[in-house]
Structure formats: C-alpha cells, structure tokens
Amino acid sequence: MTASRTTHDGGRAAPPAGGGPPGPYAELTLSAQEAAGALALAGACARDYPGSDAAAFLADAPVIAHELPRRVRTFLDRARLDERPHVLLLRGNSVDDELLGPTPEHWRSARTRGSRPFGFLLVLYASLLGDVFGWATQQDGRVVTDVLPTRGSEDSLVSSSSRQELGWHTEDAFSPYRADYVGLLSLRNPDGVATTLAGTPLDALDERTIDVLFQERFLIRPDHSHLPANNSAQRPDDGEFEEIARAVRAPVPVPILTGHRAAPQLRVDSDFSAPAAGDEEAARVLRLLRERVDAALYDLVLGPGDAAFIDNRRAVHGRRSFQPRYDGRDRWLKRINVTSDLRRSRVVRASAESRVLGAGR
C-alpha cells in the first residue's frame, strides 16, 4: 500500500492531488539553504556542549530550536496539534556520506565524530514537539539512541535485527510513560529498507469490537530491548530491570484504545500483547485487530536526511526485513523519544531535571 501525503509550504497544508482529505503523513522538504542553516546550528551545539544527551544541552535545546528555519518551526508547531497524520516528515537534511563515516558495528560505538551533529539536530527538531527522554533500560540510558543491524541480533525482536521483520508496535506500549512521538533521523539506507506504518483501523471494526478495545482486558509486556541482555552498563539486579521483570511476569490489564472515541489513542504491540487470561472475547478482538492492522500496513522509506516523527498515540510502526551487509554501509538511524508532558513521568525519574526514565528510582 502506498501512502498519500499532505505537503506543506510555510506551514500551510496543500490539498492532495484530486482533492479529498489529507493523507497519513505531513511533509516538509527543506531548501538547500534551510538544510545548511539547520545543520550549522546543530554543529554549533556540537561544539558548545559535550554531547547531545548532556543535561545542559537538553535544558537549552527548546530555546535554541527557535533558531531553526522559520518554515520548520511553523510546520512542526501546526502539525503537533493535528490528529490526522501518522507521521511528520522533514526531508532534505544534509548528510555528507563521506564525512559521516562507516556504519558502526554496534550501538555502543555509534557516537562517532561524523554522526555527532545529527544527534544534536534530532534533539533540536524534537524540542519543537515536546521534551525528549530516554530509558535507563535501553542502550544504557542514552537519550539519543542508534538503530543499526548488529551481528547476533539478525533474528531477534529488537531494532538491531535485520533478517527478522520488526513487528508493528506502539513504542514502549507497556508503559503509561511511553512517548507521544518517536523521532527517527535517517543517516544511511542504501537498500531502501522500509519503515512500516498503520493507523487505528476503526472503519474496519464493528462497534462491539471497539467497545472491548476500550476496556481493561489486555496484557502488554515490555519488549526485549529493555532486558539486561540488550544493555551493558547496568546489572540484572538493578531496580529498573527488576521493574521490567515484574512487568513481564505480571502485567496489569489495560485497554488498547483510550481517549475520545472519534480520535482514540492506541497502545498495542504485535509481538508482546495478549488477552487477559481466559478472556475469549478479548482474544477474538485482538486477533481481529491484528488482521485489520496487517491489512492497513504500508511502507515508508526514509532516505539519508529524512527525519520522521511518528505519532506514537495514533500509529504503530515496524520495519521490513533485510539482509545486513556488515561492510560499513548498513542502514543507520538516530532515534529519540518525545513527550508532550515530561512531568507525567516524574515518579520514575531521579529528579525533575533528569530525562532518563527509571534511573535512580
């Protein structure tokens, strides 16, 4: 399925060809001058701050972001209140493949000199939508994380997989503190590996099915990226990992749909969602939802310089399978979580200033 789109010029939506409602993603293509200005601002931040995760930079980023090109600021400000797009796209960012250097072999070594400005750039864009954060149980608590294929993870259920298709999911669907947006900045994608997307298929569901999806009858467990095996700095007995273990052992029943019935928010994971024990109706409804989402799934290829902010409340996302290269030319993206209400997660952060969920609790 090919996605239609809504293009933007100066922040104003142009109607799609042939009329009709906007498509599932909103898009702005930067001019060469705008792209150069945005990257120069990120480069200045890279010189002024020790890292894109540095507390001082994360505190200053929402203010610095207002030095980004005006069209970018207008586009993201207007789009953040639009309930329709599955994803917001900023295309045309400048990525010099030679200066970038080879794709690393593991996320632990992905903070390279060549990729450094792009971590800052992603935070700046994200800061126009909300506050950025990370998880103590993901990539050693990094706020800006990396998505790339890793040896030994080819057939796993985490983003470092490759031959295994990454199933569609709400990011961190198990948690009430999950992101409102998931930001991705593509640095390299020579094989055109597609990100998959789908919205809530309400039109394909009957009223009783929708009623059940709004009820607390479903179990959603943490995905494997939160397990100690996929981190390095923390020990399995650290408190944050024990909380993940409890969520795996005894998840609390939750609804899959919440909010206004005409524009509900979605939380589901194709690999880690299940009906409550013995609830046959919930099992039937979950099977039907999976079928309808599978039928609605479409591909979006992010090329070098494409930044995407997936609405984690409205859409699920995944990734098609591919054959890893392991030659320094593999697909590589920077990734970030964005929330519109950082204070909502204060109970699982060590301090009001901390951007890491679970750290020091």
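In what order do the four strands of the open sheet stand, and is their pairing parallel or antiparallel? The order is E7-E16-E9-E14, and the pairing is antiparallel. This is a predicted model, in which local features need pLDDT of at least 70 and side-chain atom pairs count only at pLDDT 80 or more, while totals for chains, interfaces and linings use all residues. Residues are numbered from 1 along each chain as its sequence is written, and side-chain values use heavy atoms, with hydrogens and water left out.

**Overall make-up**

- The chain holds eight helices and 18 strands; helices (H or I, at least four residues) and strands (E, at least two) are DSSP runs, numbered from the N terminus.
- Of the 361 residues in the chain, 57% are buried, where buried means under 20% relative accessible area, exposed over 50% and partly exposed in between (1.4 Å probe, protein chains only).
- Of the contacts between residues at least 6 apart in sequence, 80% join residues at least 24 apart; contact means heavy atoms within 4.5 Å.

**The open sheet**

- Strands E7 (166-169) and E14 (298-301) stand at the edges with a single partner strand each, so one side of each has no neighbour in the sheet; two strands pair if DSSP finds at least two bridges between them.
- On average, neighbouring strands of the sheet are turned by 25° against each other, direction ignored; the axes are lines fitted to C-alpha atoms, for helices over the stretch in contact, and angles run from 0 to 180 degrees between N-to-C directions.
- Strand E9 (residues 194-199) pairs with strand E16 (residues 315-319) over five bridges in the antiparallel sense.
- On the E16 side, Leu197 has His317 as its bridge partner, and Thr195 stands opposite Arg319.
- E9 and E14 also run antiparallel and are joined by four bridges, with Thr196 opposite Asp299.
- Six of the six residues of E9 are buried.
- Both faces of E9 are covered, with Ala194, Thr196 and Ala198 buried on one side and Thr195, Leu197 and Gly199 buried on the other.

**Nonpolar cores**

- The largest nonpolar core has 49 residues, and those with the most contacts inside it are Phe57, Leu88, Leu90, Leu124, Tyr125 and Ile336.
- A nonpolar core is a set of buried Ala, Val, Leu, Ile, Met, Phe, Trp, Tyr and Cys residues joined through side-chain atoms within 4.5 Å.
- Ten of the eleven residues of H5 are buried, among them Phe118, Phe120, Leu124 and Tyr125.
- Leaving aside residues up to four places away in sequence, Leu90 touches Leu28, Leu30, Val72, Phe75, Leu76, Tyr125, Gly305, Asp306 and Ala307.
- A second, separate core has 20 residues, including Ile210, Ile256, Leu257 and Val293.

**Cavities**

- Three cavities of 30 Å³ or more are found in a search of the whole structure.
- On a 1 Å grid over the protein atoms alone, a cavity is a set of points where a 1.4 Å probe fits but cannot get out, and lining residues have an atom within 4 Å of a point.
- The largest cavity holds about 60 Å³ of space; grid points are joined across faces, edges and corners, and a volume is the space filled by probe spheres set on the points.
- Its lining consists of Gly134, Trp135, Gln138, Arg142, Val143, Thr145, Glu171, Arg335, Ile336 and Asn337.
- Strand E5 (131-135) and strand E17 (332-339) are the elements that give two or more residues to this lining, and E17 gives the most, with three.

**Loop residues**

- Pro85 is found in the loop between helix H3 (70-79) and strand E4 (87-91), and counts as buried because its relative accessibility is 7%.
- Beyond residues up to four places away in sequence, Pro85 touches Pro24, Tyr25, Ala26, Asp311 and Arg314.
- Pro85 and Glu27 are 58 residues apart along the chain, with their C-alpha atoms separated by 9.6 Å.
- Most residues other than glycine have a negative phi.
- Gln139, in the loop between E5 and strand E6 (145-147), has a positive phi near 45° and is buried, with a relative accessible area of 7%.
- Asp172, in the loop between E7 and strand E8 (181-188), has a positive phi of about 50° and is buried, with a relative accessible area of 1%.

Note on methods: 1 Å grid on protein atoms, 1.4 Å probe; cavity = no way out; pocket = protein on both sides within 12 Å on 5 of 7 lines; lining within 4 Å.
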